[in-house]
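Hi,

Here is the structure I promised to send over. Have a look at it first, and then read my notes below.

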Amino acid sequence: LITGASDDDPSGIATYSQVGAQFGYSMTWVMLFSYPLMAAIQEISARIGRVTGHGIAGNIRMHYPAWLLRVIVGLLLVANIINLGADLGGMGDALFLLVGGSAHLYVVLFAVLCAGLEIFSRYERYVSILKWGTLSLFAYVATVLVVKVPWSQVAYDTLVPSFSWKKDYVVAIVAVLGTTISPYLFFWQASEEAEDERTEPGAQPLMLAPKQAPGEMHRIRLDTYLGMGFSNLISLFIIVTTAATLNVHGITDIQTSSQAAEALRPIAGIFTFAVFAAGIIGTGMLAIPVLAGSAAYALGEALDWSTGLARQPLDAKAFYGTIAVATLIGIFINFVDLDPIKALFWSAVLNGVVAVPLMVVMMLMTMRPKVMGAFTLPRPLWVIGWLSTAVMAVTVTIMFLTW
């Protein structure tokens, strides 16, 4: 649930808003198409963590060449930090739209708050905070309910795909798939499964305690498919909201989430504008910790540090230091003359570059008894996992061809 909610971060909101504004309802089918692919790869990530007791980077370190680990983790760190900086900027701009003041000051305050909670909160309490924070996504349920939407057309366009070979349409599909299937989500999901296993009394990696497998696998499937379903439904609502308001009024160029919120004000009213902007802040409060945390897990596992949000700060100094430094660089990005749109573009490029080889490694890893013991992937999940990998490979190829 937390992973899925963090996928609807301010940068993702900008992507979905642009899709709705530019193409109306004609791309809602992409959310339905991406759902099983997204859910499958997240279930695979969760299985890696729960079966082995280690995150993805830890397993790559133990079973694959060091150069591969360094390349994947290095690219992930850069992409995460750029994305983190862009999300902080989106949150600062959203609060500025709501109350005025200094967007830069808000960036600093949000960063300090997110990092402070992640570093100093007790693990069980922090997980509870993040879970309750997912309620912020209902802001986009509220916005879609107060605007006039032709639901019959939405249903038709969602269930009956339409496709265009026009460059802008293809690029938009690439952007949506790249937003919904992101490497940082894989690392977070796997590492949090391993973290929960370490903190729950009596829990052990499933390789060592196979009797726990039926209940844990059922929980993972339920959690993953509900969480990813919630995530994609909210993404769909954002597309529908902007299609029903901005697109029908001829506003087709939205580059940031705050631009989308501001454009809604004169068209959909102050309530829709305010709720949309507040949702950007709420989702950012979820995304910042996941981006910083997944970076820290990846680097910590790669270098065999003590890692984990359940550890005290003094027991995992390098791990928590990575969270703090990543967030600090994210702040810095907002104070230099860096175009946020270009920053997000390069983040998408890096995510695409790392996603395909990472997914290939994950698929190979989860079919190795040496890694997964008796819990290699069942055939249906193996098929959908490879299909998801193939779709991402095509997506990244198209991204470079349309550069």
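How much space lies in the second largest pocket? About 580 Å³. A pocket here is an open set of points on a 1 Å grid over the protein atoms alone, where a 1.4 Å probe fits, with protein on both sides within 12 Å along at least five of seven lines. Lining residues have an atom within 4 Å of a point. Points are joined across faces, edges and corners, and the volume is the space filled by probe spheres set on them.

Before you go further: this is a predicted model, so local features need pLDDT of at least 70 and side-chain atom pairs count only at pLDDT 80 or more, while totals for chains, interfaces and linings use all residues. Residues are numbered from 1 along each chain as its sequence is written, and side-chain values use heavy atoms, with hydrogens and water left out.

Helices H1 (2-7), H7 (123-133), H11 (183-199) and H12 (213-245) each supply at least two lining residues; helices are DSSP runs of H or I, at least four residues, numbered from the N terminus. H11 gives the most, with seven. By type, the lining has nine nonpolar residues (Ala, Val, Leu, Ile, Met, Phe, Trp, Tyr, Cys and Pro), eleven charged (Asp, Glu, Lys and Arg) and four polar (the others, Gly among them).

Now the salt bridges (a side-chain nitrogen of Lys or Arg within 4 Å of a carboxyl oxygen of Asp or Glu). The structure holds seven. In one of them, Arg50 pairs with Glu216, with the closest N and O atoms 3.0 Å apart. Arg50 sits in helix H3 (residues 29-52) and Glu216 in H12, so the pair ties together parts 166 residues apart in sequence.

Another one joins Asp304 to Arg61, at 3.5 Å between the closest N and O atoms. Asp304 is in the loop between H14 (270-302) and H15 (317-333), and Arg61 is in H4 (residues 56-63), so this pair links parts 243 residues apart in sequence. Asp304 counts as exposed, at 54% relative accessibility, and Arg61 as partly exposed, at 31%.

Cheers

Note on methods:
Buried < 20%, exposed > 50% of the residue type's maximum accessible area, 1.4 Å probe, protein only.
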